[in-house]
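The sequence and the model are shown first.

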Amino acid sequence: MGNAQKGKCKKDSLAAWLTPRQKLLCQETLELMKDDLPRLGLIVFTRFFETEPNLKRVFPKIVKMNDSNQLELDTDMEVLGRHASTVMHSLGAAVESLDHDGFFEGIIKNIGQSHQRRNVTPRMIEKLWPSLSYGLKEVLIDSYTKEVAGAWKKVFFYLCRHMKYGMNLTEDEEKTSDGS
Ligand code: HEM
């Protein structure tokens, strides 16, 4: 049951998940792209809705796709961009708060709760990784090495894990509610 996950979150901090080298790689690459997070966010979410069109339904008012599965011009790019930027800033904040365990996890858990209220499941969130990796490559170019990708992947799945702690789902709900 989903309830069994509660209470685990304080023990596994991001700092404990990452090696010192991975921590450094995330901090260095975050510094490289910190002024580019809104652009990165848009690249990521444009890709996400093109590769996972069934998930656009959780943003019914803001995301419109055409028959070729591309974002339409009347998509509300401002709202889409705001969410995209928020996601990227959350990843950045996770890395910046590496040395202050505990505080950030509570915020992420609350974000998980609010996603559940919008019918966003943990599996939907996990599906963002390929698009995030694609966007990181577009922005970091040669600096996006395999090692950097591995470090960011850990940060991302750490966030997913803590968002999930805020989602009071049964295992059956997790398996069936993502529409895949
Ligand atoms: C690590 C990944 C993600 C993070 C950190 C994140 C964070 C946030 C935050 C901070 C908000 C606004 C505050 C709130 O309502 O809690 C938000 C809103 C929202 N998120 Fe996410 N999000 C993530 C992934 C996703 C994904 C993959 C989806 C869809 C499949 C999604 C769907 C939504 C929706 C529908 C809203 C409401 C948008 C609105 O009406 O303005 N999120 N997200």
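The model discussed here is predicted.

**Helix H7 against helix H8**

Helix H7 covers residues 129–140 and helix H8 covers residues 146–165; their axes come within 11 Å and cross at roughly 135°. H7 and H8 are therefore oblique to each other. The crossing of these two helices, H7 and H8, is right-handed. On the H7 side the contact involves Trp 129, Leu 132, Ser 133, Leu 136 and Leu 140, and on the H8 side Val 148, Ala 149, Trp 152, Lys 153 and Phe 156. Sorted by class, the contact of H7 with H8 has eight nonpolar residues, one polar and one charged.

The loop between H7 and H8 holds Ile 141. Although Ile 141 is not a glycine, its phi is positive, at about 50°. Ile 141 has 9 other C-beta atoms within 10 Å and is therefore exposed.

**Overall composition**

The chain contains nine helices and zero strands. Along the sequence the pattern reads α-α-α-α-α-α-α-α-α. Of the 180 residues in the chain, 26% are buried. Among contacts in the chain between residues at least 6 apart in sequence, 81% join residues at least 24 apart.

**Other helix pairs**

H8 also packs with helix H2, which spans residues 20–33; the axes of H2 and H8 come within 9 Å and cross at roughly 95°. H2 and H8 are therefore roughly perpendicular to each other. From H2, the contact uses Gln 22, Leu 25, Cys 26 and Thr 29; from H8, the residues are Glu 147, Val 148, Ala 151, Trp 152, Lys 154 and Val 155. By class, the contact of H2 with H8 has six nonpolar, two polar and two charged residues. Val 148 and Trp 152 of H8 are among the residues that meet H7, and both are also among those that meet H2.

H7 in turn packs with helix H3, residues 37–51, at an angle of about 140°, with the axes 8 Å apart. That angle makes H3 oblique to H7. The crossing of H3 and H7 is right-handed. H3 contributes Leu 40, Ile 43, Val 44, Arg 47, Phe 48 and Thr 51 to this contact, while H7 contributes Pro 130, Ser 131, Leu 132, Tyr 134, Gly 135, Glu 138 and Val 139. The classes in the contact of H3 with H7 are eight nonpolar, three polar and two charged residues. Leu 132 of H7 takes part in the contact with H8 and in the contact with H3.

| Helix pair | Axis distance | Crossing angle |
|---|---|---|
| H7 and H8 | within 11 Å | roughly 135° |
| H2 and H8 | within 9 Å | roughly 95° |
| H3 and H7 | 8 Å | about 140° |

**Surroundings of the ligand**

There are 17 residues around the ligand, and Val 87, Ser 90, Ser 114, Met 124 and Leu 128 come nearest. At least two residues of the shell around the ligand come from each of helix H4 (77–96), helix H5 (103–117) and helix H6 (122–126). H4 gives the most to this shell, with five residues. The shell around the ligand divides into eleven nonpolar residues, five polar and one charged.

**Individual residues**

Gln 27 lies in helix H2. It has 14 C-beta neighbours inside 10 Å and so counts as partly exposed. Gln 27 and Val 95 are 68 residues apart in sequence, and their C-alpha atoms are 6.5 Å apart in space.

Ile 107 is located in helix H5. With 15 other C-beta atoms within 10 Å, Ile 107 is partly exposed. Ile 107 and His 162 are separated by 55 residues in sequence and by 9.1 Å in space, C-alpha to C-alpha.

Asn 119 sits in the loop between H5 and H6. Phi of Asn 119 is positive, near 65°, in a residue other than glycine. Asn 119 has 12 other C-beta atoms within 10 Å and is therefore exposed.

Technical notes:
Residues are numbered from 1 along each chain as its sequence is written. This is a predicted model: local features need pLDDT of at least 70, side-chain atom pairs count only at pLDDT 80 or more; totals for chains, interfaces and linings use all residues. A residue is near a molecule or strand if its C-beta atom, placed from the backbone, lies within 6 Å of it. Helices (H or I, at least four residues) and strands (E, at least two) are DSSP runs, numbered from the N terminus. Ala, Val, Leu, Ile, Met, Phe, Trp, Tyr, Cys and Pro count as nonpolar, Asp, Glu, Lys and Arg as charged, and the others, Gly among them, as polar. Axes are lines fitted to C-alpha atoms, for helices over the stretch in contact, and angles run from 0 to 180 degrees between N-to-C directions. Angles under 35 degrees count as roughly parallel, over 145 as roughly antiparallel, 65 to 115 as roughly perpendicular and the rest as oblique. A crossing is left-handed if the near helix is turned anticlockwise from the far one by less than a right angle, and right-handed if clockwise. Two residues are in contact if their C-beta atoms, placed from the backbone, lie within 7 Å. A residue is buried if 20 or more other C-beta atoms lie within 10 Å of its own, exposed if 12 or fewer, and partly exposed in between; C-beta atoms are placed from the backbone.
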